[in-house]
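The following exercises concern the structure shown below.

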Amino acid sequence: MLIRKIIKTDDAALAIIIRKALEDFKANKPGTVYFDESTDHLSDVFTLENSSYFVAVVDGEIAGGAGFYPTEGLPIDTCELVKMYLSKKFRGKGIGQTLLEKCMTEARLSGFRKMYIETLPELTSAIPLYEKNGFHFLSSPMGNSGHTGCNVWMLRDL
């Protein structure tokens, strides 16, 4: 497996993976990345300073990706873990853990001290992964991600 930064030619495949994953978990609802136009051009989104998106490639095939972003309204020392999704074929193989670790390490190196997540209860594979990695639940959202459909919020120190 190779973990690398996103490139423009990854955009279409990642948009398909993200939307299909949300469909798989019946979480393709308004107020989520499913309907977010930025999902179709992730490589442009992650040109912002102090943001990065990583793509997991297995035997030449894009397995999925994850990134971190200095979401508007978050404290200056806090970034958001964003758009962490895997193709069904690659779930349950430790790739999500590897992507999460890469994001946490790189966010720390970028100067962030905390990482925030917005997710959905339907994403039943993701939430235990976040808990296992030290994220704790919050009672309300932080920042202004625009993803009003998400109703699970988590945070951890980096």
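The model is predicted: local features need pLDDT of at least 70, side-chain atom pairs count only at pLDDT 80 or more, and totals for chains, interfaces and linings use all residues. Residues are numbered from 1 along each chain as its sequence is written, and side-chain values use heavy atoms, with hydrogens and water left out.

**Exercise 1.** Determine whether C79 and C150 are buried or exposed.

Solution. Buried means under 20% relative accessible area, exposed over 50%, and partly exposed in between (1.4 Å probe, protein chains only). C79 has 0% relative accessibility and therefore counts as buried. C150 has 12%, so it also counts as buried. Across the protein, buried residues make up 50% of the 158 residues.

**Exercise 2.** Find how many disulfides the structure contains.

Solution. A disulfide is a pair of cysteine sulfur atoms within 2.5 Å. A search of the whole structure gives 0. For C79, the nearest cysteine sulfur belongs to C103 and is 8.4 Å away. For C150, the closest cysteine sulfur is in C79, at 16 Å, which is too far for a bond.
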